[in-house]
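I opened the notebook to record what I looked up in this two-chain model. My entries follow in the order in which I checked things.

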Amino acid sequence: MKMIEVNNLKKSFGKLEVLKDINMDVNSQEVVCVIGPSGSGKSTLLRCINLLEEPTGGEIFIEGDNLTAPNTNINELRQKLGMVFQQFNLFPHKTVMENITMGPKRLKGKSQSEVKELGTQLLDKVGLADKADVYPDKLSGGQKQRVAMARALAMEPHIMLFDEPTSALDPEMVGEVLQVMKDLAEEGMTMTIVTHEMGFAKEVADRVIFMDEGFIVEQGTPDELFNNPQNERTKAFLSKVL
Amino acid sequence: MMETINIILDGLPTLLKGMGLTIEITVISLILAMFIGLILGVFSITKSKILRIISTAFVDIIRGTPLLVQILFIYFGLPSVIDISLTAFSAGVIAITVNAAAYLVEIFRAGINSIDKGQMEAGRTIGFSYGQTMRLIILPQAIRRMIPAFVNQFIVSIKDTSLLSAIGLAELTLSGQSIYAANFRAFEILFAVGVLYFIIIYSLSLFSRWLERRLDVA
């Protein structure tokens, strides 16, 4: 089954048309990296997929459910979609553990002991078991992003969306975040990642999508796209970033 | 010197009664005003144009007219056209509530807007509704930042209650007036009235400083 299906998606901010007729889908367990220059619309595309941005036109299906239909329960559907932001967006008034557990506790009606166990497991997975009771402002950028991933995973999403997860990090912290993402990919998580980390995309992605000026210009396996790009714009972009 | 003290001591029971009424009106009004301020403050940042207009119109009208006129309007004006009779106490509570609410709307609006929009997005992507995100994530952070502004408005409202003397409500100021109208010792009595206001307001300031330290306002 297709996990994400995007048909003829359009998005404008006022007169500025950011997405022009996007068609894409993401299969189960597939890792898709979206690359492209700034302003190409890749973040907007990701934000449309969980309706942080309201599409101007087109349709989006999440596991077959129409996200854009007026009677869709968006809060329920969003629980299937984990999201990791560039700026982490942890809740500063909650401890690391509370950041992770408040979703499953309030939305899935799990008991305190259940969510505590889940939280401990997830913190272990992202290598921060000792940080359960600290507040986010005591963490480094890389640690914050790993907590943010644990928080998203706590809702047991079927799909994880990453919006430039390493762009706000100091270079020495990028690796620890990418490692957690790599582990997730190996476990078979369906992932869509907007990124500037070409090395990561090459190594981990099943498919790479190149976007420019609101269109998907080209897509293929990392080998096809990086080693044998067909489109002139893809070539020009890759020559600048590789 | 002894005479001054005696004059104040003689007036003190009346003044303390007035002070009690001042505190009572302030507390009731500010509790009500906080609810109205919060609701209209949230109205002012929603997508709904109608709700935003309601909020803006309320704020503009109340802020754009003097409190004394509002007090007189509610106590004398309204009963002359609609069939209600308000005691000076209820008219006073309504006037102070409505007036404080208008300023609190702006404090709530600014406080909520000061929270990074990524917080709302993070809450929503976890699956919380707008209301849940507001209640669990945005407001707890925003309210900490709003405390100094709240206290400022509370202090203004406490002092504003002195205007209720204009509709014959025996709060602290009118209590003082009634005493020196009889004994002609305006200096001593008004000095005592000032001290009593200062005690209320200074206690509130101390409490807010303590609260800010406890919550570690960032």
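**Entry 1, the interface.** I looked for salt bridges across the interface of chain A and chain B, taking as one a side-chain nitrogen of Lys or Arg within 4 Å of a carboxyl oxygen of Asp or Glu, and the rule finds one. It joins A:Arg47 to B:Glu121, with the closest N and O atoms 2.6 Å apart. On the side of chain A that touches chain B, the elements giving two or more residues are α2 (74-78), β6 (81-84) and α3 (96-107) of chain A, and α3(A) gives the most, with four residues. Helices (H or I, at least four residues) and strands (E, at least two) are DSSP runs, numbered from the N terminus.

I noted that this is a predicted model, in which local features need pLDDT of at least 70 and side-chain atom pairs count only at pLDDT 80 or more, while totals for chains, interfaces and linings use all residues. Residues are numbered from 1 along each chain as its sequence is written, chains are lettered from A and ligands numbered from 1 in the order in which they are written, and side-chain values use heavy atoms, with hydrogens and water left out.

I then took the totals: 22 residues of chain A are in contact (heavy atoms within 4.5 Å) with 19 residues of chain B. The two chains bury about 1,700 Å² between them, 60% of it on carbon and sulfur atoms; this buried area is the accessible area (1.4 Å probe) that two parts lose on being put together, summed over both.

Among the buried residues is B:Glu121, which I had already met as the salt-bridge partner of A:Arg47. The buried residues of α5(B) pack against α1 (42-49), α2, β6, α3 and α5 (141-153) of chain A, together with α6 of chain B. The helix is followed by B:Gly127, whose phi is positive, near 125°.

I counted rings of Phe, Tyr and Trp (its six-membered ring) as paired if their centres lie within 6.5 Å, with planes under 30 degrees apart as stacked, over 60 as edge-to-face and the rest as tilted; the count comes to seven pairs over all chains. The rings of A:Phe210 and A:Phe237 have centres 5.1 Å apart and planes at 35°, so this pair is tilted. The pair links distant parts of the chain, A:Phe210 being in strand β9 (residues 207-212) and A:Phe237 in helix α9 (residues 232-241), 27 residues apart. A:Phe210 is buried at 0% relative accessibility, and A:Phe237 is buried at 10%.

Notes. Buried means under 20% relative accessible area, exposed over 50%, partly exposed in between (1.4 Å probe, protein chains only).
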